[in-house]
Amino acid sequence: MTETRSTCPYCGVGCGVLIASDGAQITGVRGDPEHPANFGRLCTKGATLALTVAPPIARQTRLLQPLRRLQRQGPAQPLGWDAALQWACDRFAHTLRTHGPEAVGFYLSGQLLTEDYYVFNKLAKGLIGTPHLDSNSRLCMSSAVAGYKATLGADAPPTCYDDLQHAHCLFIAGSNTAYAHPILFRRIEDAKRARPALKIIVVDPRRTDTAEIADLHLRIEPGTDAMLLHGMLHLMLREGWADAAFIAAHTHGFEDLQTLVHDYPPQLVAQVCGISVDDLTLAARWFAGIEPGTPRQPTLSLYCQGLNQSSSGTAKNTALINLHLATGQIGRPGAGPFSLTGQPNAMGGREVGALAHLLPGHRELANPTHRAEIAALWGVPDLPQRPGKTAVEMFQAAADGEIKALWIACTNPAQSLPDQTTVRRALQRAEFVVVQEAFATAATCDFADLLLPATTWGEKEGTVTNSERRISRVRAAVPPPRSTDSTDPTDNGPRHDWAIAVDFAHRLEAVLRPGQATIFPYTHPESIWNEHRAATRGRDLDITGLSYAALELAPAQWPFPAGATLGTARLYADGIFPTADGRARFDAQPYQPVAEPRDARYPLALTTGRLRDQWHGMTRTGTLGRLFGHVPEPALELHPQDLARHGLQPGDLVHVASRRGSLIAPVQPSDALAPGQAFMAMHWGAEFLGGSGSGSNASPGSGVNGLTSAALCPRSKQPEFKHSAVRITKA
Ligand code: SF4
């Protein structure tokens, strides 16, 4: 038995794992005691990883050979890799010849490795010339990205997990850390046990398990976060709790913000948010770190989808960062804004520029200098000049007939995107849909013309970046499973995501760049990594010193430039920000209510979120009975008063309807919610929930996201999963 050092493939905590195997099969997994993200701990999901790859489960769930559908809704027939990729090449080439590069789109995943992401980005923007490449990271972190860039100048969480040991106040906003980032929550519990004086504020409309640890739970009305944060700043300014010296030395734009928050007096804020003025005042004082007779104490903010998944997500992020800048709570141990990454490698995807507006090394597609730098690195004459369509926009464009060919890798949009009626219309209308996927059970597989089997955790090599900018190696412990159906053992079985993209790119190069040397000369993930490192030279995330050999020693936090021997735990300690003049900028944006307020027809506010023991669309976690022990079946949670008002008993079935679709689910009482609110976990897909879309093209049974709203934040283009107006009727 051998142990292979790798990383958990689930959440952005980025825990290290040791995979036990006999060389052919994975036989166990344990936490890596030397990994600085988890020091040997694993949550329920991580601890059961080995069970999800057991051969009996893999035989039922894995996609094991390329499959082609010659007719939609028809049976999928196996074919060899060569035929599959040549067919994909021919179909893409036809679309490019007929409709141009903007008729194709790529939709990727925060669960791809950095090297996979890099190749796809180069394929789309460098070879094909389409800007339409986006990722499901758009659904979880794009408001955090836009918030950091608007205020601090770069997409860089300035803090680290060790800050939990130094903070005197934790401000946890819109994050059920106990479920979404369980091992980080263990560290929060440790910190509270070690220092009971640590003050924990939790901002959440629900009384989650995270809220149970709070000294102060601000149970705000859904969507009123920016109102709360502006109200806190109003109080800080009135009481003299701001840090005038920091503001004067390190920031711009404070006057505009001061004028804005003047209109957020405590009584108004308390009324809109549904909290007391006393609690608002206490939160402002604790956040500012004001203790009689002591210097200012450090405050660390931890935040996640409650701020990000909003039609004003960027404004919520910047309102929180404004507080840190106004109180000088940044750049020192225990202080700063800390966005918690949802997925294991949403950060790595941003680093290589795999979003519709980005290029490698945190560059912008709209910036001519950035385009020239990357065109020179890639050896291509030019790059698309403007940002492409983001996740929701890309599927809307496919539904409208503008995007004709879609390549979807390692993500499940037929379950996870909001407004499934539109998504399914897009998948049906697109002329050619490629789904590159490890699991045959993903809902999107049903819409594919071509299915390409990919390797997954335990089988592939590369890197990921976690929430604290720490890059870890992902390593293969065993070879991928093979299909027993194929007659050709050399042309069979799942392939690595980067290798599939490279093979396809070589074929397309023969059409688009005949006779020229390939720009995809990669034979191993390390060669891709080295090109990515070169792209970061001189940038805020410079990792030119972080070779695979250096990563053999230990995971490391960027920046890690050439010559460095250690990564960078904390950013902006010198008070200099990555902006033109080194100063951070306040971002004065007024509070915006939710896009779809409750009304007489749709009187309930539905929010979605994670369960403790499930992951995304449950393709992996849904294979284990023990992971259903915590929550065994889908339910719409409602306050007991709302059950009584509708004459419902626990377990009764209801039709839940929004303006976009409906489903049938049992109800459960929950006093974690306020009256008028409803909650359903994001994981439940069509196989668990009956329902329908609202339009003539709708497909029956599209899960909870048949209900959710695709209203977007205008700056980040992140959809508002956290609030949709719904109604219920007894089924
Ligand atoms: Fe995996 Fe996240 Fe659990 Fe760590 S906390 S074991 S990364 S799911």
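This is a predicted model: local features need pLDDT of at least 70, side-chain atom pairs count only at pLDDT 80 or more; totals for chains, interfaces and linings use all residues.
## Overall build

The protein contains 24 helices and 29 strands. Its radius of gyration is 25 Å, close to the 27 Å that the globule rule gives for 731 residues, so the protein is as compact as a globular protein of that length. Taken along the principal axes, the C-alpha atoms fill a box of roughly 75 × 65 × 55 Å.

Of the 731 residues, 61% count as buried. Among the contacts with a separation of 6 or more, 73% are accounted for by residues 24 or more positions apart.

## Domains and the contact between domains 3 and 4

The domain assignment gives domain 1 (2-61), domain 2 (67-139 + 345-532), domain 3 (142-340) and domain 4 (604-730), and the centres of domain 3 and domain 4, taken over C-alpha atoms, are separated by 29 Å. The contact between these two domains takes 24 residues from domain 3 and 23 residues from domain 4.

On the side of domain 3 that touches domain 4, at least two residues are supplied by each of α6 (142-151), α7 (177-180), α14 (305-308) and α15 (313-326), and the largest share, four residues, comes from α6. By residue class, this side of domain 3 divides into seven nonpolar, 14 polar and three charged residues.

## The shell around the ligand

The ligand is surrounded by 14 residues, of which the closest are Cys8, Tyr10, Cys15, Cys43 and Gly46. The elements that give two or more residues to this shell are α1 (44-47) and α8 (182-194).

The shell draws at least three residues from each of domain 1 (2-61) and domain 3 (142-340), and its residues divide into nine nonpolar, four polar and one charged.

## Helix α9

Helix α9 (residues 225-239) has 15 residues and reaches 21 Å from its first C-alpha to its last, which is close to the 21 Å expected at 1.5 Å a residue. Just after α9, Gly240 takes a positive phi of about 75°.

Because 12 of the 15 residues of α9 are buried, this helix is largely enclosed by the rest of the structure. The buried residues are Asp225, Ala226, Met227, Leu228, Leu229, His230, Gly231, Met232, Leu233, His234, Leu235 and Met236. In an α-helix, with 3.6 residues a turn, residues three or four places apart point the same way.

Conventions: Residues are numbered from 1 along each chain as its sequence is written. The expected span of a helix is 1.5 Å times one less than its number of residues. A residue is buried if 20 or more other C-beta atoms lie within 10 Å of its own, exposed if 12 or fewer, and partly exposed in between; C-beta atoms are placed from the backbone. The radius of gyration is taken over C-alpha atoms; the globule rule is 2.2 Å times the number of residues to the power 0.38. Two residues are in contact if their C-beta atoms, placed from the backbone, lie within 7 Å. A residue is near a molecule or strand if its C-beta atom, placed from the backbone, lies within 6 Å of it. Ala, Val, Leu, Ile, Met, Phe, Trp, Tyr, Cys and Pro count as nonpolar, Asp, Glu, Lys and Arg as charged, and the others, Gly among them, as polar. Domain bounds come from an automatic or database domain assignment.
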